[in-house]
Amino acid sequence: MWDAYKKGYKAFLRLEKSLSDHSVEAYLRDVDKLTLFLASEDTGKAPANVDLKDLQRFVKWISELGMTATSQARIISGIRSFYKYLLTEQIINKDPTALLEAPKTKRALPDVLSFEEIEHIISKIDQSKPEGGRNKAILETMYSCGLRVSEVVGLKISCLYLDVGFIRVIGKGDKERLVPIGSDAVKYIKLYKENIRVHQPMVPGYEDILFLNQRGKGLSRVMIFYIIRDLAAKAGITKNISPHTFRHSFATHLVEGGADLRAVQEMLGHESITTTEIYTHLDRDFLRNTLQQFHPAFQK
């Protein structure tokens, strides 16, 4: 009986929410876990008959499976999304997840690189090799624009407006945004396009993808991770570094430099300002200095 509801939910996620196939499958797996739990209890309940107590037992069940608090919270978020869909479609008239509590998770901020550390990592690129010129353009673009790794590997030539200093980024849910791009990133993209990319083989379908591998296809997200990890090792940086570190450092440096949080939100492509607050690290000295500079009570 759940299959029909999941089929409708799948269509909703794809068409209404414009989520990627990967995200859709993740949401459906969350619902699958709930149906598996209900089957283990042999209740045979339809989605409309599931109540808060059922869900509380489900949360206890996934906890006893050894899942971390973060994983549990993500699954519960998926179940809430499913029931929100059922409510929207008037399949149910009461949301059983409304009072469901998720385990508290500790929000650990990722490591931040200083500007000097980023420069040091980029300096370790061997530009005598063709992939070196490409990698320098990639890292300069990631730091200059605060791109997600999926956004940089999917960056299209037709989305570059380098003469006016902007790029059009296609983010989560196929949402587009215009992001300013720095002069160094513009310089190295042009060098890569004009001196390296033109000499590469081109697989049909990848003509508009900016960054290509040696076989003429787009790069994978994993490849970007390996590139950054290897360069960080060569630079002797022991922080826990991933492609997201460049995005997080971009936002951190902007906010600590006094940038408006709404502007940072727009550049990062965050739907909610709350997300931007989570991903931007503000140290106490910066906050104190901001209050002393702008709040009337601190200027007496």
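Modeller: Helix axes are lines fitted to C-alpha atoms over the stretch in contact, and angles run from 0 to 180 degrees between N-to-C directions. Contact means heavy atoms within 4.5 Å. Helices (H or I, at least four residues) and strands (E, at least two) are DSSP runs, numbered from the N terminus. This is a predicted model, in which local features need pLDDT of at least 70 and side-chain atom pairs count only at pLDDT 80 or more, while totals for chains, interfaces and linings use all residues. Residues are numbered from 1 along each chain as its sequence is written, and side-chain values use heavy atoms, with hydrogens and water left out.

Biologist: At what angle do α2 and α3 pack?

Modeller: Helix α2 (residues 21–41) packs against helix α3 (residues 52–64) at about 100 degrees, and their axes are 10 Å apart. The two helices are therefore roughly perpendicular to each other, a label given to angles of 65 to 115 degrees (under 35 is roughly parallel, over 145 roughly antiparallel, and the rest oblique).

Biologist: Which residues make the contact?

Modeller: From α2 come Lys33, Leu34, Leu36, Phe37, Ser40 and Glu41, and from α3 come Asp54, Leu55, Arg57, Phe58 and Trp61.

Biologist: And how are α6 and α9 arranged?

Modeller: Helix α6 (residues 130–145) and helix α9 (residues 221–234) pack at about 95 degrees, with axes 12 Å apart. They are therefore roughly perpendicular to each other. On the α6 side, Arg134, Asn135, Ile138, Leu139 and Met142 meet Ile224, Ile227, Ile228 and Leu231 of α9.

Biologist: Let us turn to the whole chain. How many helices and strands are there?

Modeller: The protein has 13 helices and 3 strands. Its C-alpha trace spans about 65 × 65 × 35 Å along the principal axes.

Biologist: What share of the residues is buried?

Modeller: Of the 300 residues, 38% are buried. Buried means under 20% relative accessible area, exposed over 50%, and partly exposed in between, with a 1.4 Å probe and protein chains only. The protein exposes about 17200 Å², of which carbon and sulfur atoms supply 51%; these areas come from the Shrake-Rupley method with a 1.4 Å probe.

Biologist: What share of the contacts joins residues at least 24 apart?

Modeller: That share is 58%, counted among contacts between residues at least 6 apart in sequence.

Biologist: Now the loop between α1 and α2, please. Is leucine 19 buried, exposed or partly exposed?

Modeller: Leucine 19, in the loop between α1 (2–16) and α2, is partly exposed because its relative accessible area is 23%. Not counting residues up to four places away in sequence, leucine 19 touches Leu13, Arg14, Val24 and Tyr27.

Biologist: What about the phi of serine 18?

Modeller: Phi of serine 18 is near 55 degrees, a positive value in a residue other than glycine. Serine 18 lies in the loop between α1 and α2 and is partly exposed, at 28% relative accessible area. Glutamine 90, also not a glycine, has a positive phi of about 60 degrees. Glutamine 90 sits in the loop between α4 (69–88) and α5 (115–123) and counts as exposed, at 72% relative accessibility.

Biologist: Where is leucine 155 found, and what does it touch?

Modeller: Leucine 155 is in the loop between α7 (149–153) and β1 (160–161). It is buried, with a relative accessible area of 3%. Leaving out residues up to four places away in sequence, leucine 155 touches Thr141, Leu160, Ile167, Arg168, Asp208, Ile209, Leu210 and Phe211.

Biologist: Finally, which residues does glutamine 265 contact?

Modeller: Beyond its neighbours within four places in sequence, glutamine 265 is in contact with His270, Glu271, Ser272, Ile273 and Thr276. Glutamine 265 belongs to helix α11 (residues 261–268) and is buried, at 10% relative accessible area. Serine 272, one of those contacts, is in the loop between α11 and α12 (273–279) and is partly exposed, at 31% relative accessibility.
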